[in-house]
Amino acid sequence: MTTTERSEFVYVTYIRTTVERLWEALTNPEETVVYWYGMRSTPEQKAGGAWSLVSRDGQVMDSGEVLEFDAPNRLVLRWRNEWKEEYKAEGYTRCSMDLEPFGETVKLTVRHWMEGDGTQFIGAVSNGWPQILSNLKSWLETGEIILMRYK
Amino acid sequence: MEGEREDRVFKALADGSRRMLLDRLFARGGQTLLELTEGLGMSRQAVTKHLRILEGADLVWWRRSGREKLHFLNPVPIDAIGRRWIEKFERGRLDGLAELKNRLEAEDDNDRAK
């Protein structure tokens, strides 16, 4: 990733599915493991609850808090890196996921931004999002994914 | 619908000024119309028109911040183009269900081993 001054990223994608089905895929750890580099995303089902992203071998990669849990339309997480000192030092990011019906598809808008000024961690995460969303889309539309390792 | 969306992406990308606007948003997200117009040698109206086409193709997303409209690059449609014509030749496809099954079974084995 080249050096940029970006501390906020947005991803919009359309998935041929229902809002309820997509919500399930985004909030059920047994399902995130399929399309999210083998990670379990574990949002507690309520605002103020805990959240973490846990790798296959049980390591907590990122963690934080559920800020909004408005099923099946909006999820907002407070999110901090847990495995790399310089990323962790940048503090918290926020990630919102908005689901809206759009014709025969669901429009998914993922926004991820820094609370503070850092850009390293958000830049690293931003590399991953397109792959995760692409996996999610093909998982829901075809039941298949192209497995990828985090680069 | 997917095809129409892809047509809009290619049409939006088939213009040097619009690609330059995307480059600018790649370098720095959250720019206003005024910032995007600076130093481009284009009128504000022209930039507005280009942005509308980019928005229609979902290549640009914006949100309000006070009285201003901040613009962001949405890389997903461009990523999809890359995936369609490049990535599938490089990576083996695996069935997602098989992956889930393997994982759950491995977990079962671990539980039994405890």
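This dialogue goes through some terms used for a predicted model.

Tutor: Because the model is predicted, local features need pLDDT of at least 70 and side-chain atom pairs count only at pLDDT 80 or more, while totals for chains, interfaces and linings use all residues. Residues are numbered from 1 along each chain as its sequence is written, chains are lettered from A, and side-chain values use heavy atoms, without hydrogens and water.

Student: Why are strand E1 (8-15) and strand E2 (40-41) of chain A called edge strands?

Tutor: Strands, which are DSSP runs (E, at least two residues) numbered from the N terminus, pair if DSSP finds at least two bridges between them. The open sheet has the order E1-E7-E6-E5-E4-E3-E2 in chain A, with antiparallel pairing, and E1(A) and E2(A) each pair on one side only, so they are its edge strands.

Student: What makes strand E5 (residues 74-81) and strand E6 (residues 93-102) of chain A a pair?

Tutor: Pairing needs at least two bridges, and six bridges join E5(A) to E6(A), so these antiparallel strands count as paired. One of the bridges links Arg74(A) with its partner Asp98(A) in E6(A).

Student: What makes up the pattern of chain B?

Tutor: Helices are DSSP runs of H or I with at least four residues; chain B has six helices and two strands, and along the sequence they follow α-α-α-α-β-β-α-α.
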